[in-house]
Amino acid sequence: MKKRSCVAMLLAGGKGTRLKELTMHNAKPAVPFGGKYRIIDFTLSNCQSSGIDTVGLLTQYSPHTLHNYIGRGEAWGLDRKHGGLSILPPYQCKDTSHWYEGTADAVYQNLHYIDQYDPEHVLIISGDHIYKMDYNRMLEHHIETNADATVSVKEVPWTEAGRFGIINTGDGNKIEEFNEKPDFPRSNLASMGVYIFKWSVLKRVLIEEEKNEFSSNDFGKDILPGMLHDRCALYAYRFNGYWKDVGTLESYWEANMDLLKKESNIFLANKEVEIMTVEQGYPPQYVDESAAVRQSLLSEGAEVYGAVDHSVLFTGVKVGKGAVVENSVVLPNAVIGEGARIENAIIGENVTIPDYYEVVSSGKDITLIGESIVEEKKLHSIR
């Protein structure tokens with residue numbers, strides 16, 4: 001097997017329970033985003049743009065939609081005879097009764113996959129974040145500092161810092177402390193869940209951690225703090241571009257809404273990194289003469305006969321006559337009936353909202369409609 005300088009391991013097996021019905025039958029990375037994409041498109045496209053052509057995709061929870069979507073990785077140029085994309089569910093490992101029991105355990109169970117490429121470095125990434133990034137720049141920083149591990153970090157609002165792994169740094173961005181989701185954070189420098197390790201160091205650490213029966217086998221909770229304790233050289237790599245963890249309904253809605261402002265639209269920034277996806281072959285969108293559309297994103301196959309204001313409509317969505325969609329995200333092939341009103345909401349894939357039905361959320365609340373509503377043609381409200 002040809003030696004690789006860097007191999008990527010893409011973690012895509014989480015349940016994503018905070019996204020509720022959006023992940024009832026879907027792995028979180030397979031959730032639609034941005035009108036025509038799925039969340040995992042971003043990390044796969046980052047790998048392709050960075051020239052990383054050997055990617056192990058670690059799947060577990062409800063993987064079938066994700067597997068079918070990705071196929072052999074053609075959409076991202078990863079359908080290669082040597083290297084390319086390899087799907088690594090736990091049942092492919094030697095212990096077929098052993099599910100992945102944490103992010104670090106998932107990589108540990110696939111040591112043999114990495115070893116066959118004899119890499120100098122291993123890139124660990126998650127399939128549930130929205131960002132564009134050239135991993136090569138981070139790898140260069142990792143090599144220049146002679147780090148055992150490099151963690152990509154970004155400043156987040158102090159009010160959200162408790163949701164993340166928080167890092168405190170010293171001179172030269174050397175990491176001095178790592179706290180996973182602290183109650184009282186001392187910094188707002190958050191880990192992005194993007195790590196580069198020296199493979200020789202990571203392999204040794206994973207083997208030792210597997211012997212610890214009290215470990216949760218998690219990179220943020222166990223591996224990185226343990227490496228700090230053992231005085232390994234850990235450095236932070238500061239990322240200044242757009243990055244969003246879409247692990248909650250609110251953050252998922254916010255990330256879609258960010259596409260409606262030029263300054264935060266990720267597709268308009270850093271055009272050197274193109275986000276690729278599996279094309280669905282929908283016809284062009286149609287906006288009727290009776291429709292009104294303002295500051296919105298409409299994808300292929302959308303049909304609009306009503307009013308759409310500050311919203312994201314995915315492929316195949318239909319908005320009926322007299323219907324109003326405002327500040328909302330409407331996922332693929334959903335139908336908004338005539339005269340219906342949707343405000344501050346997320347409407348799931350293939351969901352039908354009846355005629356004259358009303359879904360209105362007040363304040364900062366976001367309503368998720370994950371299944372079709374069957375009602376008589378009269379006005380209803382969900383608040």
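Mentor: Asparagine 333 has a relative accessible area of 30%, so it counts as partly exposed, a class that lies between the buried residues, under 20%, and the exposed ones, over 50%. Please keep in mind throughout that what you are looking at is a predicted model. The residue belongs to the loop between strand 22, residues 329–330, and strand 23, and its phi is positive, about 65°, although asparagine 333 is not a glycine.

As a general point, the strands of a sheet pair through backbone hydrogen bonds, in either a parallel or an antiparallel way.

A positive phi is also found elsewhere in the chain. Arginine 231, again a residue other than glycine, has a phi near 65°, and its place is in the loop that runs between helix 7 (219–229) and strand 12 (234–238). With a relative accessible area of 79%, arginine 231 is exposed. Asparagine 146, which follows helix 5, has a positive phi as well, near 55°.

Helix 5 itself deserves a moment. At its start, a side-chain oxygen of aspartate 134 comes to within 2.9 Å of the backbone nitrogen of asparagine 136. The helix runs over residues 135–144, and its buried residues are Tyr135, Met138, Leu139, His141 and His142. Viewed down the helix axis, these buried residues fall within an arc of 160°, and so they line one face of helix 5.

Arginine 4 is buried, with a relative accessible area of 9%. Its side chain makes a polar contact of 3.4 Å with the side chain of aspartate 53, and another, of 2.8 Å, joins it to the side chain of threonine 54. Leaving aside residues up to four places away in sequence, arginine 4 touches Asp53, Thr54, His82, Gly83, Tyr117, Asp118, Pro119 and Glu120.

Finally, step back to the whole protein, which contains eight helices and 29 strands. Its C-alpha trace spans about 65 × 45 × 40 Å along the principal axes, and its radius of gyration is 22 Å, which agrees with the value near 21 Å that a compact globule of 383 residues would have. Of the 383 residues, 56% count as buried, and the accessible surface comes to about 17400 Å², of which 46% belongs to carbon and sulfur atoms. Among contacts between residues at least 6 apart in sequence, 57% join residues at least 24 apart.

Key:
Residues are numbered from 1 along each chain as its sequence is written. This is a predicted model: local features need pLDDT of at least 70, side-chain atom pairs count only at pLDDT 80 or more; totals for chains, interfaces and linings use all residues. Side-chain values use heavy atoms; hydrogens and water are left out. Buried means under 20% relative accessible area, exposed over 50%, partly exposed in between (1.4 Å probe, protein chains only). Helices (H or I, at least four residues) and strands (E, at least two) are DSSP runs, numbered from the N terminus. The arc is that of the directions from the helix axis to the C-beta atoms. A polar contact is a pair of N or O atoms within 3.5 Å; within protein, one must be able to donate a hydrogen and the other to accept it, and residues adjacent in sequence count only if both atoms are side-chain atoms. The radius of gyration is taken over C-alpha atoms; the globule rule is 2.2 Å times the number of residues to the power 0.38. Contact means heavy atoms within 4.5 Å. Accessible areas come from the Shrake-Rupley method with a 1.4 Å probe; for residues, only the protein chains shown count as cover.
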